[in-house]
Amino acid sequence: MGNHRAPTRASRRASRNAVSVTPEASRSTTPAAGRRIAAKPEKAARTASPAGRRVDSRHSGSRGKLFRGLPSLPALGGVAALAIAMGGALQTPTELVSHDRGVLQANALSGSTAASSSDLLSNRNGISRDSRRDALADSSDVDLVAAAEQQARQRNAQLAKFASRVEQQSKKMAINLWVAPTDPVVLTARFGDYGLWSGFHTGLDFNGNTGDPIYAVTGGVITSTGYDGSYGNKTVETLPDGTELWYCHQNQFNVSVGDVVRPGQVIGYIGATGHVTGSHLHLEVRPGGGDPVDPYPALELHGVHLPP
């Protein structure tokens, strides 16, 4: 048993001594191309492995001069990927701030982000919403215009009715308007005076010259014209409420029975007919066709201002 193991140890030492190469020997040995080969001890040890094991030897001397300075293929791939990433980073910032979604990471290869596609979609949606909104706004504008036109028509109809009522009322006011029967107004006798008459004076006397116009005090209908004794030529105007106005001592008539007169219309002319001492107009006011009342307060009440 001892004799069998001894040769084995000796053979191992012999093989190690035979394979190991000193540094001096490796520097002195040069290949045909003139390169120095430095054999590392651990590589030499690997070549001396027992039979049946795979020998892992890397021949660093197999590269030529042209490929000595070039990096390996994995290194080139890493450099290319880094260059592409740097190019994408230069074109587009790696972090883009979105207005409503915070910070978004940019794609290193394309330089685009999810914000661009989302912005396009949002813009497209915004355009469609704006178009729908514009259409709704147009339809609402049309509705508003139609409603405004309808209101304008209703207002115009109401204004027309109001204008008609105003016109009718103005006509009534014009009919009911009272004016002085002569111009100028000069009073020579008043209601209730005594003197030349058999009793007290039953009206107002307005001084004037023969032929001066006599004006209708207010609107009404002529119900009588003719001579009446001491009243001379007399015209009777009946008002809508039944009040009668007597215009006496006329020189001439200017209206006929049945005529509708308005305030200020000339109905006759001053004269001196009947029981008089001179030309003048004798005016009486008889409510309901009855007994006479003082014309002075009646005229004042309807806005006709007489001298005191």
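**Close-up views of a predicted model**

View 1. His 282 is located in strand S11. The model shown here and in the other views is predicted. With a relative accessible area of 5%, His 282 is buried, because buried means under 20%. Its side chain is in polar contact with the side chain of Asp 205, at 3.0 Å. Leaving out residues up to four places away in sequence, His 282 touches His 201, Thr 202, Gly 203, Leu 204, Asp 205, Tyr 231, Trp 246, Tyr 247, Cys 248 and His 249.

View 2. A pair of aromatic rings is described by the distance of the centres and the angle of the planes. The count for this model is 2 aromatic pairs. In one of them, the ring centres of Phe 191 and Phe 200 are 5.9 Å apart and the planes stand at 80°, so the pair is edge-to-face; the cut-off for that label is over 60 degrees. Phe 191 has 25% relative accessibility and counts as partly exposed. Phe 200 also counts as partly exposed, at 40% relative accessibility.

**View 3. Tyr 231 and Trp 246.** The rings of Tyr 231 and Trp 246 have centres 5.4 Å apart and planes at 90°, so this pair is edge-to-face. Tyr 231 lies in the loop between strand S6 (220-227) and strand S7 (233-238), while Trp 246 lies in strand S8 (residues 244-253), so the pair ties together parts that are 15 residues apart in sequence. Trp 246 counts as buried, at 13% relative accessibility.

**View 4. Charged side chains at the ring of Trp 246.** Lys 234 has its charged end over the ring of Trp 246, 3.8 Å from the ring centre. Arg 286 lies over the face of Trp 246, at 3.9 Å from the ring centre.

**View 5. The largest nonpolar core.** In soluble globular proteins, nonpolar side chains tend to be buried together. The largest nonpolar core in this model has 22 residues, of which Trp 178, Phe 206, Val 217, Tyr 247, Ile 267 and Leu 299 touch the most other members. Two or more residues each come from strand S4 (204-207), S8, strand S10 (266-270), strand S11 (280-286) and helix H6 (295-301). S11 gives the largest share, 3 residues.

**View 6. Phe 206 and the residues it touches.** Phe 206 is among the core residues that touch the most other members. Not counting residues up to four places away in sequence, Phe 206 touches Pro 181, Thr 182, Val 185, Val 186, Leu 187, His 280, Leu 281, Leu 283, Leu 299 and Leu 306.

Notes
Residues numbered from 1 in each chain as written. Predicted model: local features only at pLDDT ≥ 70, side-chain atom pairs only at ≥ 80, totals over all residues. Heavy atoms only, no water. Phe/Tyr/Trp six-rings, centres within 6.5 Å; stacked < 30°, edge-to-face > 60°. Buried < 20%, exposed > 50% of the residue type's maximum accessible area, 1.4 Å probe, protein only. Helix = DSSP H or I, 4+ residues; strand = E, 2+ residues; numbered from the N terminus. Lys NZ or Arg CZ within 6 Å of the ring centre and 35° of its normal. Core = buried A, V, L, I, M, F, W, Y, C linked by side-chain atoms within 4.5 Å. Contact = heavy atoms within 4.5 Å. Polar contact = N/O pair within 3.5 Å; in protein donor to acceptor, adjacent residues only side chain to side chain.
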